[in-house]
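Subject: Structure for your review

Dear colleague,

Please find below the structure that I am handing over to you.

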Number of protein chains: 2
Amino acid sequence: MSSDVESAVGVNAASREILDRLEAICGAKHVIADVPGMEGFLREPRDRFHGKALCVVQPGSTREIAELLKFCQETATSVVPQGGNTGLVGGQVPLGSGDQIVLSLGRMSALREIDLSSNTMTVDAGMILSRVQEEAARVGRLFPLSLAAEGSCTIGGNLATNAGGTNVLAYGNARDLVLGLEAVLADGRILSDLSKLKKNNTGYDLKNLFIGSEGTLGIITAAVLKLYPRPRAIETAFIGLASPRAALALLDLARDMAGGEITTFELIPRIGLDFVLLHFDAREVLSSKHPWYVLLELSSQSRQGLAARLLALLEAANEKHIIENAAVAASLDQRENFWKLRELLPDAQRHEGGSIKHDVSVPITDIPAFLEEAARAVTSAMPGARLVAFGHLGDGNIHCNVSQPIGADTQAFLDRWDEINAIVHGLVVARKGSISAEHGIGQLKRDLLPKVKDKVAMEVMRAIKQTLDPKNILNPGKVL
Amino acid sequence: MSSDVESAVGVNAASREILDRLEAICGAKHVIADVPGMEGFLREPRDRFHGKALCVVQPGSTREIAELLKFCQETATSVVPQGGNTGLVGGQVPLGSGDQIVLSLGRMSALREIDLSSNTMTVDAGMILSRVQEEAARVGRLFPLSLAAEGSCTIGGNLATNAGGTNVLAYGNARDLVLGLEAVLADGRILSDLSKLKKNNTGYDLKNLFIGSEGTLGIITAAVLKLYPRPRAIETAFIGLASPRAALALLDLARDMAGGEITTFELIPRIGLDFVLLHFDAREVLSSKHPWYVLLELSSQSRQGLAARLLALLEAANEKHIIENAAVAASLDQRENFWKLRELLPDAQRHEGGSIKHDVSVPITDIPAFLEEAARAVTSAMPGARLVAFGHLGDGNIHCNVSQPIGADTQAFLDRWDEINAIVHGLVVARKGSISAEHGIGQLKRDLLPKVKDKVAMEVMRAIKQTLDPKNILNPGKVL
């Protein structure tokens, strides 16, 4: 036997041992080791990341995960936690070495408890986000986290990545919606803090350390989520205006006049609207065309007066020449159409060839100047490139995507991904912005992170990782 | 020379060297080493903790603090950070050994920047909380953190302890009001994350690790704070009801009818009201007497309809027999009187002899049962003891204080502090509550913490402390 073959046999024998042990912990039918069975866990929706794995395990309880990790720690086997496999930065996809285990939380989807007076819901990490929303709605409450992948992403994945979405303006990021957490550490210890308390100053905030750590510090297995009253009145406007600067003036005015009632403030460029109208069954809202649009929604517990307040806001904005035109949804059907124009924006870009993505945030004040700079810099580097900048203006978070020039070669365009990224991220960093506002770091931005992050912050992150996962078995190669 | 004297001389020579170096860093007039000069920094308002120090230093910049800590790390000199010296658990008071340095942030009180579009304010850690509020008000904004000590506590201390107060229900704890942070680590490295971003998923959440760590992981030197619109309408009611159970029903109804407009929901027991009326110049509000009261406030950006909504809520509560009587403040003067009845509660207890304090929270659902149990258990252990349970019902946080029996010996009563604590905390822990909802751990609850906290959480806290402060120079003996 050549030494190559020997070593291959060695690996296989070791692998068989690992598989046997995993099967003993989770049950044989919850360990998938055949290539076709694993395939769906090894590549992600955008098909940018594709990995290999020794197997996919689907444990049924926190206790099983604890046993699994204890074993993995002993054998220095690395583990990639995975929820709904919808992440956009490759955090949930194993690397290419083939010796990692994908730990899918999919079987752990139980509703543990709802407490209406405390306004809390305790769920297992594998519950699909849309089911979390539905369970809250069934008891007359709102769980406000809402994002494009909500039909398949899991709450555990949302917390591991501190997901954002369209309701952040009013309700905060995923981390703001959590009271308590249960997580399994790298060595199998279970950190149990399923607290329903809004106020609890007994030591360090470990909860927020695990939330947003992308499975590199521990595996989140359950959480106590905050529930909110469902709004009784919602008023939606689709507004045409001249520029992001005008949109910012509208935001300031809206905050002043409607404050906490603003639940949506999304920026849409005309080019994005054109893409949606061209490729999907959606209707133009305003009779006039405008360079930019804002989707604005106000929500209230009280049925009275909200429509009047929205109209007063639009009238004031009109008088101050902040807006050019506006329509208020007069029916649920109209509201759905308004939202479609926003929600189909990412999909619509697919039909226009390659799209180089940026999920960035800058201080809100800086958005207009940043967007002007970005458009200039990108088209100067690549004449004909089409900036499609849209998203959560109220949070300072713009998906600053670049569609390829009409008729350009898609692959040649995508080959310039890093170059275009560097241009946009350079502008972001100059304005003390973030190169990942809501999608996280994963594999995609791992090498970029040390270039933009405070040096000491990087050192502290590495020290904490080393402390909590000294053998580097939890999602290695992600974030750090 | 006896060896005692030798060692005393040795300490003094070493101390002189340390003082010289501190003076070189901060300037001689900012190093206080005489006993009378230090006195105000060594004991706290309730006079429960009294320590000794080598000196008090008052650095003037983050750079100076970095140099100080680098030196302290080299010489293994421990440092006690101090803001306004208003903490209630002894976290800011040095231990009794006399070799610690008190690092007062008082000189670092600059307003670094206000950004109105981003709704942020960047301040040095030593700014007094009431000045933070005033600076926000000057530009037409609200900084909502509000608590009894606001005239002398500093924002840095508020963040180090994750302070709570009367606005938590609507705006969250201190940690929820922060976007960015600057902190100096134990070895003098400066972690600089003065971000204005609402969304930033680039790595671990270090900010929340430092907030609430009571100066044991780093010294917070500056922060970016969130500003809010000032409410245009405020409506205040003083409500009489039969029980905490009724108060909880009122909270549920208020949430349902007024949702995000509830900014205050404070529980007041009749006995507390009696104390205030007896010892201060304040007026009874309702013509009838009730076992319990709620101070309820609604706030809105819109001037229209808020009074009507409050009335509708009170009428609905009356129809459902949830409340017994209520008054709505018709003038600013009346509103002030309502608030006085709440704010003077802690002071009023001083006039009734000894008071054994509990700053606890339990899941909101459990508050009525918990309060019944606590009253029973305390009076059974100590007949005649008077439970004065008041506070932030909407947050599940009750200051469950016990005033001494009438005519009892105060010192004999206070000698039973730990015993009464153990009774109340036992009930809290049985309901998965917190033994420190908002005041922190400090020295007061340090030895209690391991008895009530999840074992793994304690281990992780210790591991993080060891990683970030291996020589244990940052506020040793506090929290852990």
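Predicted model: local features only at pLDDT ≥ 70, side-chain atom pairs only at ≥ 80, totals over all residues.

The interface

The size of an interface is often given as the accessible area lost when the parts come together. Between chain B and chain A, about 6400 Å² is buried, and carbon and sulfur atoms give 53% of that area. On the side of chain B, Lys199(B), Asn201(B) and Tyr204(B) lose the most area to chain A, together 16% of what that side buries. The contact involves 80 residues from chain A and 80 residues from chain B.

There are 10 salt bridges across this interface. In one salt bridge, the side chain of Arg232(B) meets that of Asp256(A), at 2.9 Å from N to O. Polar contacts join 52 residue pairs between the two chains. Helix H17(B) provides the largest share of the side of chain B that touches chain A, with 10 residues. That side consists of 30 nonpolar, 31 polar and 19 charged residues.

Strand S6 of chain B

Strand S6(B), residues 120–124, has 5 of its 5 residues buried. Thr120(B), Thr122(B) and Asp124(B) point one way from the strand, whereas Met121(B) and Val123(B) point the other way.

Which residue of S10(B) stands opposite Thr122(B)? That residue is Val224(B); S6(B) and S10(B) run antiparallel and are joined by 5 bridges. S6(B) also pairs with strand S5(B) in the antiparallel sense, over 4 bridges, and here Met121(B) stands opposite Ile114(B). The hairpin of S5(B) and S6(B) has 4 residues between the strands, and Asn119(B) takes a positive phi near 55° in this hairpin.

Yours sincerely

Technical notes:
Residues numbered from 1 in each chain as written. Chains lettered and ligands numbered in written order. Heavy atoms only, no water. Contact = heavy atoms within 4.5 Å. Buried area = accessible area lost by both parts, 1.4 Å probe. Salt bridge = Lys/Arg side-chain N within 4 Å of Asp/Glu carboxyl O. Polar contact = N/O pair within 3.5 Å; in protein donor to acceptor, adjacent residues only side chain to side chain. Helix = DSSP H or I, 4+ residues; strand = E, 2+ residues; numbered from the N terminus. Nonpolar A, V, L, I, M, F, W, Y, C, P; charged D, E, K, R; others polar. Buried < 20%, exposed > 50% of the residue type's maximum accessible area, 1.4 Å probe, protein only. Pairing = 2+ DSSP bridges.
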